[in-house]
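Here is a short briefing to read with the sequence and the model side by side. Take the topics in any order you like.

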Amino acid sequence: MQMLVAKYNYWIYITLMMIGLYAMIAKNNLVKKIVGMSIFQTAIILFYVSIGAKRGATIPIIEHGHGEGHGAGTHMVHAVDYINPLPHVLMLTAIVVAVATLGVALALAIRVYNRYNTLEEDEILAQIREK
Amino acid sequence: MIWQLDLAILTLVVIAGIGAITVKDLLGAAILFGAYSFMMCLLWSIMGAVDVSFTEASVGAGASTVFFVAAVFRTTRRTKD
Amino acid sequence: MKIIGLIIAVLTGALLIYGTVDFPGWADPASPASTHLSPHFIEKTMEETSVPNIVTAVLADYRSYDTMFETTVIFSGGVVCFILLRIFRRKEPEDRLYRHVLTGATIRVKEGGKIPPDSDDFERIDTLWTPHDLIIKTVCRLLIPFIQLFGLYVIAHGHHSPGGGFQGGVILGASIMLLAISQDLRTAVQRMREKVDALLSPTGVFIYAGTGALCLLLGLNFMDYSALASVLYVDPVTARSHGILIVEIGVGVAVMATIIWIYNNLSSAGKYDEGL
């Protein structure tokens with residue numbers, strides 16, 4: 001029971017990741033595969049961000065008064081009070097790169113559709129074999 | 001962090017994810033993926049990752065969904081699975 | 001294939017769940033990730049850069065190499081979409097369709113025929129043209145300036161609140177995408193031409209890399225913004241804060257132009273006609 005409370009979040013992240021993996025392997029439609037890839041990506045980002053979560057801490061923006069210069073020495077900042085910001089930084093750039101790669105994947109899907117007039121993997125393979 | 005809210009949104013995320021890959025219409029899949037991204041953004045703001053959730057709200061739920069809809073519009077809505 | 005996929009997914013999932021046994025508990029303040037390295041950043045960022053938002057400071061200052069190459073990846077994504085999809089049609093189609101905006105009458109201009117004078121009364125349309133809703137058009141027209149203003153605010157205020165170049169750039173790009181959806185792609189491309197997109201996205205990367213190179217020229221390391229203190233006439237700590245702002249503007253410009261460029265290519269399949 002102790003372990004269930006501490007770990008159930010991780011298990012649901014893994015479930016999401018496996019939904020994405022299953023879609024990438026087993027789905028026949030190219031756009032469905034791309035949706036699966038995006039779900040997989042987001043699940044990994046979710047897992048990564050959850051590493052930085054900290055109970056009893058606030059968001060990683062330091063409280064500061066107005067007009068107190070650099071804030072150095074005016075009050076101490078304690079690391080326990082703020083969430084770990086490093087996973088956030090890594091994943092923030094990953095999300096924006098994900099949208100650029102998503103654009104490339106969809107562009108490839110459009111090119112495949114223009115050439116073979118279908119998005120189904122088996123029909124495309126059958127057309128390639130005929131040639 | 002409120003664990004009831006966390007659990008409810010996690011359930012909705014899993015439902016939206018399964019829906020996005022099982023629905024037999026690509027436009028529906030695109031919209032369900034947008035819903036999935038938005039739930040994800042709520043999950044991150046519960047964890048306190050405000051910058052990440054802001055990015056996901058603008059990129060995942062906004063731009064990605066529009067890209068999917070544009071690609072589906074230029075190809076076809078029909079799918080076998 | 002479906003059964004094999006299901007077996008692979010279940011097996012991998014079971015292995016990963018077995019792996020979580022060794023993990024620290026969820027949101028544990030004593031986990032290794034929260035006790036090594038990150039306390040240094042949390043405690044020292046305000047003194048060293050005078051930026052309250054630690055994420056922005058780490059993104060654009062401590063890890064600026066990473067962000068610079070991420071921006072390059074986004075630019076490459078835009079270029080790849082352009083190369084894959086763009087179709088340059090040498091000759092125009094034989095018949096062009098024009099719609100008189102006030103009356104709604106459509107006229108067809110044969111090849112070699114006189115094109116209507118370049119006035120606001122006529123609008124070029126395609127065979128796929130569908131009438132747009134007046135309410136949607138008007139509301140979007142009213143909303144777009146405010147969305148753009150908010151995007152600029154997000155870029156400029158990234159030091160003190162959540163936000164920064166990536167988010168602001170996407171919001172600015174989304175405002176142009178909203179114009180393209182509510183009107184049509186031609187209207188949006190008239191506001192922001194393809195050449196502008198293609199110029200702005202490398203310009204953003206150059207602003208970023210140029211700031212880093214300027215620091216190198218001024219005698220410190222690449223991307224060490226405290227070197228800008230002698231140029232901006234401020235102390236080194238404030239110079240780092242200003243350096244982060246310049247870099248965020250570069251990121252914002254690159255992301256905005258690339259998002260619009262990818263959308264234009266995707267929604268018209270490279271033909272730049274009506275769009276969605």
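In this predicted model, B:Phe33 and B:Tyr36 are both buried, where buried means under 20% relative accessible area, exposed means over 50%, and partly exposed lies in between (1.4 Å probe, protein chains only). Being a predicted model, it has local features given only at pLDDT of at least 70 and side-chain atom pairs only at pLDDT 80 or more, while totals for chains, interfaces and linings use all residues; side-chain values use heavy atoms, without hydrogens or water. Residues are numbered from 1 along each chain as its sequence is written, with chains lettered from A and ligands numbered from 1 in the order in which they are written.

**Aromatic rings**

- A pair of aromatic rings is described by the distance of the centres and the angle of the planes.
- Rings of Phe, Tyr and Trp (its six-membered ring) pair if their centres lie within 6.5 Å; planes under 30 degrees apart count as stacked, over 60 as edge-to-face and the rest as tilted.
- Searching the whole structure gives 12 aromatic pairs over all chains.
- One of them is the stacked pair of B:Phe33 and B:Tyr36, at 5.8 Å centre to centre with 20° between the planes.
- B:Phe33 and B:Tyr36 are separated by about one helical turn because they are 3 residues apart in helix α2 (residues 26–47) of chain B.
- C:Phe41 and C:Tyr62 make an edge-to-face pair, with 5.0 Å centre to centre and 80° between the planes.
- This pair links distant parts of the chain, since C:Phe41 sits in helix α3 (residues 38–49) of chain C and C:Tyr62 in helix α4 (residues 54–62) of chain C, 21 residues apart.
- C:Phe41 has 13% relative accessibility and so counts as buried, whereas C:Tyr62, at 27%, counts as partly exposed.
- A:Tyr10, A:Tyr13, A:Phe47 and C:Phe23 come together in one aromatic cluster.

**Chain B as a whole**

- Chain B has 3 helices and 0 strands; helices (H or I, at least four residues) and strands (E, at least two) are DSSP runs, numbered from the N terminus.
- The C-alpha trace of chain B spans about 40 × 20 × 10 Å along its principal axes.
- Chain B has 81 residues, and 62% of them count as buried.
- Of the contacts (heavy atoms within 4.5 Å) in chain B between residues at least 6 apart in sequence, 64% join residues at least 24 apart.

**Where chain A meets chain C**

- On this interface, 50 residues of chain A are in contact with 60 residues of chain C.
- The buried area between chain A and chain C is about 5100 Å², and carbon and sulfur atoms give 76% of it; this is the accessible area (1.4 Å probe) that two parts lose on being put together, summed over both.
- The elements giving two or more residues to the side of chain A that touches chain C are α1 (2–26), α2 (30–51) and α3 (86–116) of chain A.
- With 17 residues, α3(A) gives the most to that side.

**A histidine in chain C**

- C:His159 lies in the loop between α6 (134–156) and α7 (165–182) of chain C.
- With 8% relative accessibility, C:His159 counts as buried.
- Neighbours within four places in sequence aside, C:His159 is in contact with C:Val51, C:Pro52, C:Asn53, C:Ser241, C:Ile244 and C:Leu245.
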